[in-house]
Number of protein chains: 2
Amino acid sequence: MSHQKSTATGGSKPRQSARERAYEMIGSAILAGTFAEGEFLDEAVLAREVGTSRTPVREALHRLQAERFVELVPRRGAQVRVVTATEMREIYQARFVIESDAITKICDRRLGPPPETRELIEAMETAGRNRNWNEFSQLDQVFHSSIVRHQGNAVLGEIYDSLRPRQVRLGVRTLTEGPERLSIIEREHRELEAALEGHDGPLSTSILNVHIQEVPKLVQAFSR
Amino acid sequence: MSHQKSTATGGSKPRQSARERAYEMIGSAILAGTFAEGEFLDEAVLAREVGTSRTPVREALHRLQAERFVELVPRRGAQVRVVTATEMREIYQARFVIESDAITKICDRRLGPPPETRELIEAMETAGRNRNWNEFSQLDQVFHSSIVRHQGNAVLGEIYDSLRPRQVRLGVRTLTEGPERLSIIEREHRELEAALEGHDGPLSTSILNVHIQEVPKLVQAFSR
DNA sequence: TGGATGCACCGTGTATACAAGGTGTCCACA
DNA sequence: TGTGGACACCTTGTATACACGGTGCATCCA
């Protein structure tokens, strides 16, 4: 999704389209919890706030529907989707199904970890030390995504990535509320890398299983 | 996706929106191969053909992008996506990953096949006898989707269903070109039902594996 | 004759005006 | 006082007009 342009990407203005601005503003507003869950969004109001007409706003809302941020009810408008604890668990289960499959295949074919793994792990540890949660979160996504894509199936790669924006909705919150988990995450990443290096499928999968369960466990603590 | 409304659904007009009409017309035109792969679609032309203005057409194109039918190139427009044999294989692999996971869990929990299974199998055999390929194809989707959803994870269910429109793009073609495969498909469905009934995970999975490979094998025959 | 530059045309991106449908309120009547 | 219906307002759905940017062609210069 790439809300909140990272410091690196936010350079010169590439003449961002109005639709893109609307998409990012509305998307991050939902992430930030500006709108109540279940609330209907008024296109005209949004347009005013973004500083454009309704047209780009409508297109942004359609994209947000595709990403499951809102529900488009005919003649009623865009309703902010309610994210339940159940759905969160399902998203993480889905992640595990796809990523563990990738890991198994990577080990079967003795591919080893993706080449950029080491670099990513170190970048994450730096971001962690600097308490830069957004950066940390994004790098975590790249780390896992690179594993899934290393397996070679682009369709599964896309699907895996599409789960990201949905989990981010709670991910940042959980991360900032439990930063002591950071060292655990980092250790697990290194363990996973080592297991992939050793082409040990079952071990890799069990590490991933524990690793991915980390977050939903946290979520459940303060779920509705 | 529900192009070509089935005979059952096509009853009285529920005041279908212009966007929906545009979506179905353009979508089925792509399925029918009316446009060349890689071709850029002209919004104004499409609007004229659908009988509406450009606005609903644009919204339809955005949805078709989400479903991977077209690629939206900024300032250039909607390009009909090229479907390669590789991508087809990847889609079927993805299906297998999700559905086999569902099957394994269904057997682990001793849930048995979904209640509607028997009914669906019989409806498919009727459709097959009547050489009604669209009906057959849709029922096949419902059959497999019901298995995935029987496992209980709605997110994985949605993802699985989203793969459908993409594979339909070649599915109908392969079906009409190889109708002798019909009895094989029907037999495998019954075998799968029996294996689920017996809570036999490995057997169910291996049946599914063979079953799902059927189509991409056909595809490869006349791939580029 | 080949390449580069500028201009014109065309198609997408955005804004705005208009149409249609639904929701809530207010009034009338039981 | 409660309930039912009609009307008005408000919001989405669609059409159209305008702005912006890119592509391709033609012309000019080397």
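The secondary structure of chain A in this predicted model comprises 9 helices and 3 strands, where helices (H or I, at least four residues) and strands (E, at least two) are DSSP runs numbered from the N terminus. Read from the N terminus, the elements of chain A follow the order α-β-α-α-β-β-α-α-α-α-α-α. Of its 224 residues, 50% count as buried, that is, under 20% relative accessible area with a 1.4 Å probe and protein chains only. Among contacts (heavy atoms within 4.5 Å) in chain A between residues at least 6 apart in sequence, 71% join residues at least 24 apart.

In chain B, strand β3 (residues 77-80) is joined antiparallel to strand β1 (residues 40-41) by 2 bridges, and to strand β2 (residues 70-73), also antiparallel, by 4 bridges; pairing requires at least two DSSP bridges between two strands. Phe40(B) stands opposite Gln79(B) of β3(B), whereas Val70(B) has Val80(B) in β3(B) as its bridge partner. A hairpin is formed by β2(B) and β3(B) with 3 residues between them, and Arg75(B) in the turn has a positive phi of about 65 degrees.

Glu193(B), which lies in helix α8 (residues 182-197) of chain B, is buried, with a relative accessible area of 9%. Its side chain makes a polar contact with the side chain of Arg118(B) at 3.1 Å, a polar contact being a pair of N or O atoms within 3.5 Å of which, within protein, one must be able to donate a hydrogen and the other to accept it, while residues adjacent in sequence count only if both atoms are side-chain atoms. Beyond residues up to four places away in sequence, Glu193(B) touches Pro113(B), Thr117(B), Arg118(B) and Ile121(B).

Residues are numbered from 1 along each chain as its sequence is written, and chains are lettered from A and ligands numbered from 1 in the order in which they are written. Local features need pLDDT of at least 70 and side-chain atom pairs count only at pLDDT 80 or more, whereas totals for chains, interfaces and linings use all residues, and side-chain values use heavy atoms, with hydrogens and water left out.
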